[in-house]
Number of protein chains: 2
Amino acid sequence: MKIYDWPTGPYPARVRIALAEKNLETAIQFEKVDLWKGEHRASSFLRKNYSGTLPVLELDDGTFIAECTAITEYLDNLDGNPILTGRTAREKGEIHMMNKRVELEVLDAVSVYFHHATPGLGPDVELYQNREWGLRQRDKALRGMHYFDSVLKEHAFVADDEFSMADIALVGGMIFASLVDLAVPETCTALLAWYERMKDRPSVAKQLAIQA
Amino acid sequence: MKIYDWPTGPYPARVRIALAEKNLETAIQFEKVDLWKGEHRASSFLRKNYSGTLPVLELDDGTFIAECTAITEYLDNLDGNPILTGRTAREKGEIHMMNKRVELEVLDAVSVYFHHATPGLGPDVELYQNREWGLRQRDKALRGMHYFDSVLKEHAFVADDEFSMADIALVGGMIFASLVDLAVPETCTALLAWYERMKDRPSVAKQLAIQA
């Protein structure tokens, strides 16, 4: 299998952490797509993923699977023991809900802020920006951090009291926030403590070493 | 189980179609949340779903599951036969990819157009609008329709050559486009033919009767 990604990208980080959690890293070849040169917008890449986002997984028969959640579903179910996406109907429901909520309220919001209200990937790549929208999404992300802080005051993990892809998504959000210098509010003590615990996981520690 | 929704909402339609496909309709009570009065923005509802979106599923023990994909995962896995979300790793990966792509490229884009570049739910509910962003999302949705037309020229269904939650999501997109008078381009003949076939499914026909 092959993954097209950019090693320090916050979305690629989600799949790299999932690969490490599933001990699948040696099964994968990586090929860089240079975000800063806009290679993800080139027609050759759009044939792999219409949406032009990273990462993309290519199976050995040439099938492409894009979108972090979809790639994680695939990888997590290969061994019949889906520890990241949920084993029961209830776990699947709760994990998918929180995974999507992390995207909506933090990760995707930080991404829109980056691409629309900061220089983003630079003028040659960011051909359209809507600064007002970007700034609103920054404020949404900060509110989202307070929401997840309230969740983590009551629970050790983002979904269902076990580590899951929802935690991985929020780690992606923390990575992206750090890249754009959006500080987690100091009052979010439970969120900050959760992130320190996440950094102790080998899968997360390895990715943060790549980011550094 | 109880579902909080608005019967003609395009996102609620996705879960209602999934319920019909799984023969689970009689297991559910429905409670209306009036979008046009902004009841989904009230603090009592936000305690059920922080993101303030419909529908939300409440389990008998009081657990809330929000987000269409998460609710569909839950309902589809209750009987151990996940026909809508995928039985194998590969099916799960392909279905989740296309389900998310429908959201990104059509359904959510039409939703942003509605809420930002039309009167939406009215001035008492739409407290902030970004018209330029809304119009860009309308254009994205039209491009997305051409993309799914190209997929459906080659395949009978949106993902993996079988009916799945990705088809249901695109039906949601078609319903929303119709509500906002965004016509599917006539040249999208495969998309239009697919939608006619979808209307023959009892689950979809029943929902379209509610919409009418």
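Helices (H or I, at least four residues) and strands (E, at least two) are DSSP runs, numbered from the N terminus. The model described here is predicted: local features need pLDDT of at least 70, side-chain atom pairs count only at pLDDT 80 or more, and totals for chains, interfaces and linings use all residues. Residues are numbered from 1 along each chain as its sequence is written, chains are lettered from A and ligands numbered from 1 in the order in which they are written, and side-chain values use heavy atoms, with hydrogens and water left out.

**Cis peptide bonds and backbone**

In chain A, Pro55(A) occupies the loop between helix H2 (43-46) and strand E3 (56-58).

| Peptide bond | Form | Omega |
|---|---|---|
| Leu54(A) to Pro55(A) | cis | about -5 degrees |

Glu67(A), although not a glycine, has a positive phi of about 80 degrees. Glu67(A) sits in the loop between strand E4 (64-66) and helix H3 (68-77) of chain A.

**The sheet and helices of chain B**

In chain B, four strands form an open sheet of mixed pairing, in the order E2-E1-E3-E4; two strands pair if DSSP finds at least two bridges between them. Strand E2 (29-32) and E4 of chain B are the edge strands, each pairing on one side only. From one strand to the next, the twist averages 25 degrees. Strand E1 (residues 2-5) and strand E3 (residues 56-58) of chain B run antiparallel and are joined by three bridges. Within E3(B), Val56(B) stands opposite Tyr4(B).

Angles run from 0 to 180 degrees between N-to-C directions, and axes are lines fitted to C-alpha atoms, for helices over the stretch in contact. Helix H1 (residues 10-21) of chain B lies across E1 and E2 of chain B, at about 150 degrees to E1(B). H3(B) lies across E3 and E4 of chain B and runs at about 120 degrees to E4(B). H1(B) and H4(B) pack with their axes 11 Å apart, at an angle of about 145 degrees. Pro10(B), Tyr11(B) and Arg14(B) of H1(B) make this contact (heavy atoms within 4.5 Å) with residues of H4(B), including Asn99(B), Glu103(B) and Leu107(B).

**The interface between the chains**

In the contact between the two chains, 37 residues of chain B meet 37 residues of chain A. Between them, chain B and chain A bury about 3400 Å², 59% of it on carbon and sulfur atoms; buried area is the accessible area (1.4 Å probe) that two parts lose on being put together, summed over both. Tyr50(B), Tyr128(B) and Trp133(B) supply 19% of the area that chain B buries against chain A, more than any other three residues.

Six salt bridges are counted between chain B and chain A, a salt bridge being a side-chain nitrogen of Lys or Arg within 4 Å of a carboxyl oxygen of Asp or Glu. One salt bridge joins the side chains of Glu67(A) and Lys100(B) (3.8 Å, N to O). H4(B) contributes 13 residues, the largest share of the side of chain B that touches chain A.

**Salt bridges overall**

Over all chains, the structure holds 32 salt bridges. Within chain A, the side chains of Glu31(A) and Lys2(A) meet in a salt bridge (2.8 Å, N to O). Glu31(A) lies in strand E2 (residues 29-32) and Lys2(A) in strand E1 (residues 2-5) of chain A, so the pair ties together parts that are 29 residues apart in sequence.
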